[in-house]
Each structure stands twice: as structure tokens, then as C-alpha cells.
Amino acid sequence: MPDLFDRVAVIDVDSHLTEPPDTWTARTPAAMHDQVPHIERIGGQDVWMAGGQRIGAPGYYSMAGWNGIMPASIPATFDDIHPSMYDPHARLAHLDEQGIHAQILYPNVGGFGNGYFLRLGDRDLVAACVRAYNDFLTDWCSADPTRLIAVTALPFWDLDLALAELRRGIELGHRAVNFCNQPQDYGQPPLAHRHWDPVWAAAQEAGVSISFHVGGGSMGTQFTDTAEMGWMTNFAKVSSLIFMDNMRCIGDLIFGGVCHRFPDLKFVSVESGVGWIPSALETFDWQWRNGGVHLEHPEYDLLPSEYFRRQIYGCFWFEEAGARNAVDLLADNLMFETDFPHPTCQHPGPCTPARRPRDYAADTLAGLAPDVVERVLHGNAAAVYGL
């Protein structure tokens, strides 16, 4: 009997690609190659380097199917990483194998909100790296732009550059914009500040959504307990608690009037789960009524939960009871993701040896009305991303 993934053209709204070694060196002048991210093999491990500084390793975020637990065991080199993680044609074959129609794609090296690029220092160099990544993403998705969906990396720290790159990304065919969920972590105004209104206005006019990927702020201060707690234990703690950063993000958008000022703009809370959303909205509505918001902002004509229902979306990939409850309450605002190939994804590995995304979806969504399943697995995402 056909399962859900056979009956519905599934859109996975959050997956990542492992940037190939030449992502930046192939798209910048030779004089910059030591300064932009590039791969060096150090002690038998492929490492991302820039300006003589170690900035990461591809093995940490290429863990799907790997028989090991990081940090003790990760794919050491690109030879150990499955091609579906860095090659677009292999990714398309992977999608066919998994029964997934399309994927919305997010980065790794530049950070989930693009702020990691700032570690490179020189702002001209940083700008070149952002543009090179967006050009790379366009090239990568050209293997089938109806199934591999590009999201523009936005250099939020420079408003003029951000607006220029937003418009350029749209011209390149990108379907959404990736924005930092905690810009104040990088010395910028918070999301509620009208400083960002030109970005929201440009996106609304263009008809593209704004993505706030979990972990888009500065996560460095959250890893301070590793000596006492252990690296992996602290990683699990942080991976759980950063969901709340997106709760703060959504609060800023609603209480700060962003949703009110830009009623046609769609926002997506990415890789931050959904089980907490009904509780958060109930809390927002209660405090909104009791906090006298209407006295300070009589122009706000909706409750927080109503703003959310009108224009904000959440994504799920592992929750069971929490996701099912959220779907029962907010079926028009929820979408399905896989987080492939990150350590927390459902693809077979040491922690989930027999669980695939399609198995998880079948179990979690079992018994729901066919139209609800279609909206969650396809329809909502198709509307948000214009697919």
C-alpha cells in the first residue's frame, strides 16, 4: 500500500548542503584564496580554514548514516562524506530514493544566520564571501531549480549591501531570504527595530519569505559548560535550548509590530520544532491582553496568535506527540523538514538505525485527514516558496 510520501509531493523545508571544497576559491580572485574559506587536510582531517584560522570541519555537519557519534567519530575527509551531501546530482538521486520531491537548502560554513562570515574580519572580504556563497548556491541548484530551492544568504550587518543582495538573489531565482534571528548578538538592532523595515518591505514587495534558522545568532557563549558537563552532553543541551531563541524571534516580530506593518510578508521559523508553539501563542495572547498592549499600540488589530496564523510558519522533523498536537491546532502554519544531513536528522545512523523521514511522518501523521496531511507535507510549503 502506498505511504504518505508516495501519495504527496513532499517538500522538505529545511535541509543543508555540505559546501564543496571549492565553494569560495572557484568564485573569488586567486589573491583572496588564502583569506576565503578553503579546505586544508590537517592530521588526516579536512578542515575549513580562512586567513590562517580554523573555522570548522565538514564532517561535523555531514553525519547522516555515519556509524559514529561526534566529536569522537565524524567523517574525516570528503572521501568519507556521501556525495548526496555536496553534489547536486547525487542529492537529486537521494531525494528520489527517499520519496521527497523538493528541498529548501540552508548553509553550514557561514552560519545558519550568515553571521559566522563576520569572523573573517575585513568587511570587503566578508561581502565577497557572501556573494560567492549565493553564486555557488545558484549554480548548485541549477541541477534542477524546481526541486533544489535556493535561499539567499543575507549580509544583515550592512543594510545597503543586504538590500542589494536580497534583490540580486531574487534575480538569480532564489525563493526566500535567510536572516539572523538574533542580530543584536552581532551589535545590530533587534528584529523589532524599524532599522530593518527596508528589508521587510523589499521582501514583501518581491513576494519572498524570510527564514529565521535556529542557531542564527551567536551560539558561542552557550558552549561554556563543556569542561564540566562534557562536549556532547552540552551540545545536546544547547541544541534543545536554542529553540527558545526562535520563540524570542517570533515574539519580536509580533510584539514589535513587524507583522502588523508588513501583513503580506511570510516568516518561517526553521529547525526550531513546533511543539512549543501552541503554548507560546497562548502565553503571548494572555500577556498581550493583560499587559495593556492595546493602550500603547491601538493600531494593532490582531492578537499574537492571529498574527501568527496569518503569516508565520514552523517546521518539525522528530517530535511526535508535540508535533501532532501542534498540527491539530495549526495545520495551516506547519511544514515538514528532515534537517539532512545534520547529526539530529532522522536518516539511519547509530541512534536511529531503522528510522527514515518517511517512516517518522507515517507514524506521526497517521489517522489525520488527507487534506491536513497534504497541507503539512506539501501545500503550505508550496504556497510559501511559490512552488
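Biologist: Is Arg168 buried, partly exposed or exposed, and how do I read that?

Modeller: Read it from the relative accessible area, where under 20% is buried and over 50% is exposed. In this predicted model, Arg168 has 23% relative accessibility and counts as partly exposed.

Biologist: Which residue forms a salt bridge with Arg168?

Modeller: Look for a side-chain nitrogen of Lys or Arg within 4 Å of a carboxyl oxygen of Asp or Glu. Here the partner is Glu165, with the closest N and O atoms 2.7 Å apart. Glu165 is buried, at 3% relative accessibility.

Biologist: What does a pair 4 residues apart in a helix look like here?

Modeller: Take Asp328 and Arg324 in helix H13 (residues 321-330), where the spacing again comes to about one turn. They form a salt bridge, and their closest N and O atoms are 3.8 Å apart. Asp328 is exposed at 51%, while Arg324 is partly exposed at 27%. Elsewhere, salt bridges with shared partners join Asp3, Asp6 and Arg358 into one network.

Biologist: How many salt bridges are there in the whole structure?

Modeller: The search finds 14. One of them links Arg41 and Asp46, with 2.8 Å between the closest N and O atoms. Arg41 is exposed, at 53% relative accessible area, whereas Asp46 is buried, at 4%.

Biologist: Which strands pair with E3, and in what sense?

Modeller: Strand E2 (residues 38-42) pairs with E3 in the antiparallel sense over 5 bridges. Strand E4 (residues 53-56) is also antiparallel to E3, with 3 bridges.

Biologist: What should I look for in the two hairpins?

Modeller: Count the residues between the strands, then check the phi angles there. The hairpin of E2 and E3 has 2 residues between its strands, and Gly43 takes a positive phi near 60°. The hairpin of E3 and E4 also has 2 residues between its strands, with Gly51 at a positive phi near 60°.

Biologist: Why is strand E11 described as largely enclosed?

Modeller: Apply the burial count again. E11 (residues 312-316) is largely enclosed by the rest of the structure because 5 of its 5 residues are buried. One side carries Ile312, Gly314 and Phe316, the other Tyr313 and Cys315.

Biologist: Which strands pair with E11, and are they parallel or antiparallel to it?

Modeller: Strand E10 (residues 267-270) pairs with E11 in the parallel sense over 3 bridges, and Ser269 stands opposite Gly314. Strand E12 (residues 334-336) is also parallel to E11, again over 3 bridges. There, Met335 is the bridge partner of Cys315.

Biologist: How does the chain cross from E11 to E12?

Modeller: For a crossover, follow the path from strand to helix to strand. Here the chain leaves E11, passes through H13 and reaches E12, making a right-handed β-α-β crossover.

Technical notes. Residues are numbered from 1 along each chain as its sequence is written. This is a predicted model: local features need pLDDT of at least 70, side-chain atom pairs count only at pLDDT 80 or more; totals for chains, interfaces and linings use all residues. Side-chain values use heavy atoms; hydrogens and water are left out. Buried means under 20% relative accessible area, exposed over 50%, partly exposed in between (1.4 Å probe, protein chains only). Two strands pair if DSSP finds at least two bridges between them. A crossover is right-handed if, with the strands pointing away from the viewer, the path from the first strand over the helix to the second runs clockwise.
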